[in-house]
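Dear colleague,

Please find below the structure that I am handing over to you. My findings follow after it.

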Amino acid sequence: MGIARSTFYDAPTERTGDAEVLSAITAICDEFEAYGWRRVQAALRHQGVM
């Protein structure tokens, strides 16, 4: 077929809506005002949003 075997087993990623991501970012920034974009991104990954 011309595709890698791992492609078949890889689960498709579920896209989250922009509004959901924005509300998660806002909640993180409200709770932790000193977080920069790297920590916010890490927190989003930890929550499973990204």
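Which pattern does the chain follow when read along the sequence? The pattern is α-α-α, and the chain holds three helices and zero strands. Helices (H or I, at least four residues) and strands (E, at least two) are DSSP runs, numbered from the N terminus.

Please note that this is a predicted model, in which local features need pLDDT of at least 70, side-chain atom pairs count only at pLDDT 80 or more, and totals for chains, interfaces and linings use all residues. Residues are numbered from 1 along each chain as its sequence is written, and side-chain values use heavy atoms, with hydrogens and water left out.

As to overall form, the C-alpha trace spans about 50 × 20 × 15 Å along its principal axes. The radius of gyration of the chain is 15 Å, whereas a compact globule of 50 residues would have a value near 10 Å. This radius is taken over C-alpha atoms, and the globule rule is 2.2 Å times the number of residues to the power 0.38. Of the 50 residues, 12% count as buried; buried means under 20% relative accessible area, exposed over 50%, and partly exposed in between (1.4 Å probe, protein chains only).

The UniProt record, in an unreviewed entry, lists residues 19–49 as "domain: HTH-like"; such annotations may be inferred rather than shown by experiment.

The loop between α2 (18–31) and α3 (37–47) contains Ala-34. Ala-34 has 77% relative accessibility and therefore counts as exposed. Its C-alpha atom is separated by 21 Å from that of Gly-48, a residue 14 positions away along the chain.

How many aromatic pairs does the structure hold? There is one. The ring centres of Phe-32 and Tyr-35 are 4.6 Å apart and the planes are at 10 degrees, so the pair is stacked. Rings of Phe, Tyr and Trp (its six-membered ring) pair if their centres lie within 6.5 Å; planes under 30 degrees apart count as stacked, over 60 as edge-to-face and the rest as tilted. Phe-32 is partly exposed at 34% relative accessible area, and Tyr-35 is partly exposed at 29%.

With kind regards
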